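Dear colleague,

I am handing over the structure we spoke about, and it is placed just below. After it you will find my notes on what turned up when I went through it.

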Amino acid sequence: MKTKDKDKIELCDREKCTACLACLEVCPKHCVSVKKDAYGNDTPFINREECVDCGKCQEVCPVINSVQLRQPTKVYAAFSSNSTIHRESASGGVASELALEILQSGGVVYGAAQTKDLIIEHIRITEKEEIERLKGSKYVHSHNKGHYKKIKTDLLNGLQVLFVGTPCQVAGLKKYLNNEQYDNLFCIDLICHGVPSQKTFLDCMEYETGEKTFEGWNISFRDEDGFEIKLKNPLDEVKYKLNLKNSFYYNGFMEGYIYRKNCYICEYARPERCGDITLGDFWGLGDDIPFFAEKKDGINVILINTEPGLRLFNRIKNNLQYWERTYNEARLKNGQLNQPTSKTSHCEKFLKLSNKYREIDNGNAIAVKKCNRKKRIALVFRNMIKKNKLIYKFVQLVFKRKDI
């Protein structure tokens, strides 16, 4: 029987919603669906015609009902001893080593990957050859629809499960599993700065490249060349390189003004963590933080937060070069281990403009371009220079730089 209107079930405040989608997965009537809000962010909505007010969606919401957070007990700097894994990874390759260990033990791994047409979403892999799909940073919100049920089935079937995602996705999974303890589940939460919506990302890719479709294309957000989006066409040719010097999207992401609204009040950007292990880059090591070992390519920071996390680390530590460090060192250059990304006037302007241009093709790209006037002028000027070879060579000569 349905309750009275005044007692109807409501989802969490949309400004706090992380789109973990636990509510969608748990609904017995399948009456929770994902729609885009006024800013292009994926947000769950209830179909009132079908809802029976059972309250399950509220029970699994990590915004309404917080998950347990734990202070890290051990901190390490590490990278894979396998030079290929290390070189091909955005950081130190520790995530790949963890995935390889679980798969070789007959388990399954869930993580973010490009699936098609530049869409980023979580996938389930069972073979070590598939780890390649999970490698690398993804600077966009990853869809996680349909996986919580699969994970529970895998766990009940006795499979070891490794889940890698943002802290809010880990929290959503734990609430969906009703905080039950599974000895065969290992959760890795990533140090996350914030995530733009897929609409913002796709709008910007179309706007900045002039391409209307990306069927068969591949993307990397960061590789051995550093922080740069590389777009490869179906012939595996790098057609576009987007970075801080020529991309509004990359600037918006790096400077933190195009994230989902909830990212600026993130409950998980703090010392206490929700995963068994926390992974990220160990920024500042060897520079602001003394470190005398040889360091090349990337290096991971590893926070061990639980006993299962320590057991899993012990299973792979012989495949790593690692050093015990302090938590204060880890958080020194990783701001999201202290607090969420600050919300600036550019954030507010982007939100207003994305709402204003939401009915226009590539509306969020136009919003990104217009929300930071100084950056817009700088990027337009730089791109104009690059198109004129004579002026470009002159500027290179004046500033004595290979690339501006």
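To begin with a turn: in the hairpin formed by E4 and E5, where two residues lie between the strands, Asp117 takes a positive phi near 45°. Please keep in mind throughout that this is a predicted model. With a relative accessible area of 0%, under the 20% cut-off, Leu118 is buried.

Strand E5 itself covers residues 119-125, and because five of its seven residues are buried, the strand is largely enclosed by the rest of the structure.

Both strands belong to an open sheet of eight strands with mixed pairing, in the order E5-E4-E6-E7-E11-E12-E3-E13. The edges are formed by E5 and by strand E13 (320-324), each of which pairs on one side only, and the twist from one strand to the next averages 30°. E4 is also joined to strand E6 (residues 161-165), here by three bridges and with the two strands running parallel; in that pairing, Val161 in E6 is the bridge partner of Val108. Helix H9 (residues 307-316) packs on the sheet, where it touches strand E3 (74-80), E6, E7, strand E11 (277-281), strand E12 (300-304) and E13, and the direction of H9 makes about 135° with that of E12.

A helix pair may also interest you. Helix H5 (residues 147-156) and helix H6 (residues 167-176) pack at an angle of about 55°, with their axes 10 Å apart, and the two helices are therefore oblique to each other. The crossing in which H5 passes H6 is right-handed. On the H5 side the contact involves Tyr148, Lys149, Ile151 and Lys152, which meet Gln169, Gly172, Leu173 and Tyr176 in H6. Sorted by class, this contact of H5 with H6 has four nonpolar, two polar and two charged residues.

Two further loop residues deserve a look. Is His30, in terms of its relative accessibility, buried or exposed? His30, which sits in the loop between helix H1 (22-26) and strand E1 (32-36), has a relative accessibility of 60%, and because the cut-off is over 50%, His30 counts as exposed. His30 is not a glycine, yet His30 has a positive phi of about 55°.

Val195 is found in the loop between strand E7 (185-190) and helix H7 (198-209), and at 11% relative accessibility Val195 counts as buried. Which residues does Val195 touch, if those up to four places away in sequence are not counted? The contacts of Val195 are with Val140, His141, Tyr259, Arg260 and Cys263. As for Glu129, which is 66 residues from Val195 along the chain, the C-alpha atoms of Glu129 and Val195 are separated by 28 Å.

With kind regards

Key
Residues are numbered from 1 along each chain as its sequence is written. This is a predicted model: local features need pLDDT of at least 70, side-chain atom pairs count only at pLDDT 80 or more; totals for chains, interfaces and linings use all residues. Side-chain values use heavy atoms; hydrogens and water are left out. Axes are lines fitted to C-alpha atoms, for helices over the stretch in contact, and angles run from 0 to 180 degrees between N-to-C directions. Helices (H or I, at least four residues) and strands (E, at least two) are DSSP runs, numbered from the N terminus. Angles under 35 degrees count as roughly parallel, over 145 as roughly antiparallel, 65 to 115 as roughly perpendicular and the rest as oblique. A crossing is left-handed if the near helix is turned anticlockwise from the far one by less than a right angle, and right-handed if clockwise. Contact means heavy atoms within 4.5 Å. Ala, Val, Leu, Ile, Met, Phe, Trp, Tyr, Cys and Pro count as nonpolar, Asp, Glu, Lys and Arg as charged, and the others, Gly among them, as polar. Buried means under 20% relative accessible area, exposed over 50%, partly exposed in between (1.4 Å probe, protein chains only). Two strands pair if DSSP finds at least two bridges between them.
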